[in-house]
Amino acid sequence: DPALRISYLSEKLLAKLPGRARIGLSAKVALLGLVDEGDEAGRSLVADLLAALSRGEAFKGAEIKVQAGGSAHWAEVSAAPLPATNGAGGGWRGVGRSITDRKSLEMQLRRIAFTDERTELPNRYRFDEILAEELGDGGRASRAGGILGVVKVDNIGQIRTNIAAPAADELIRRFVGSARGTLGPGFALCRLEYDEFGLWTC
């Protein structure tokens, strides 16, 4: 409706939703109320969509993460104004579909692509991405500067070659645990190579 409240759910969608999610969505609640309060980007997007509706502008393929039935769901929504009749506004016609399965798969693939499997640290590709975000226009480093470092753990390669790979892997894991505890949450610690780690903070 004009307030972006969900007023109709298709039978096909209802059949796919678990019970509590179905009850939560069936109530005529504002879509903004389904977006997690901590999701600033999601709430900003919904606010932009509401503004577009108020201006009579159509939008297509907006992806919104909502909370329903105690779990997260992704919806793709589109809407367009209907022609006015007798000088009065014609209202809106919109459509939405669940893209939760697709988004879940995308997040899984991203985690595999950007995470080191042995230490579960971000890998070199994610480190490059972090630096691009922080050093680019609007990034924190562009305003306040930052600290960048590379740490190499000595002799791990020799231990891996001359003693055993599992022993070297265990030392790497212990180093990561110690580094995390020492550095604290303000640092990004990423694994670049087998025995090299990147550090970033600002």
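Modeller: Contact means heavy atoms within 4.5 Å. Leaving aside neighbours within four places in sequence, Thr100 is in contact with Ala72, His73 and Trp74. This is a predicted model, in which local features need pLDDT of at least 70, side-chain atom pairs count only at pLDDT 80 or more, and totals for chains, interfaces and linings use all residues. Residues are numbered from 1 along each chain as its sequence is written, and side-chain values use heavy atoms, with hydrogens and water left out.

Biologist: Why is Thr100 called buried?

Modeller: Buried means under 20% relative accessible area, exposed over 50%, and partly exposed in between (1.4 Å probe, protein chains only). Thr100 has a relative accessible area of 16%, so Thr100 counts as buried.

Biologist: What makes Asp169 and Arg118 a salt bridge?

Modeller: A salt bridge is a side-chain nitrogen of Lys or Arg within 4 Å of a carboxyl oxygen of Asp or Glu. The closest N and O atoms of Asp169 and Arg118 are 3.3 Å apart, so the pair qualifies by this definition. Asp169 lies in helix α9 (residues 165-183) and Arg118 in the loop between α5 and α6, so the pair ties together parts 51 residues apart in sequence.

Conventions:
Helices (H or I, at least four residues) and strands (E, at least two) are DSSP runs, numbered from the N terminus.
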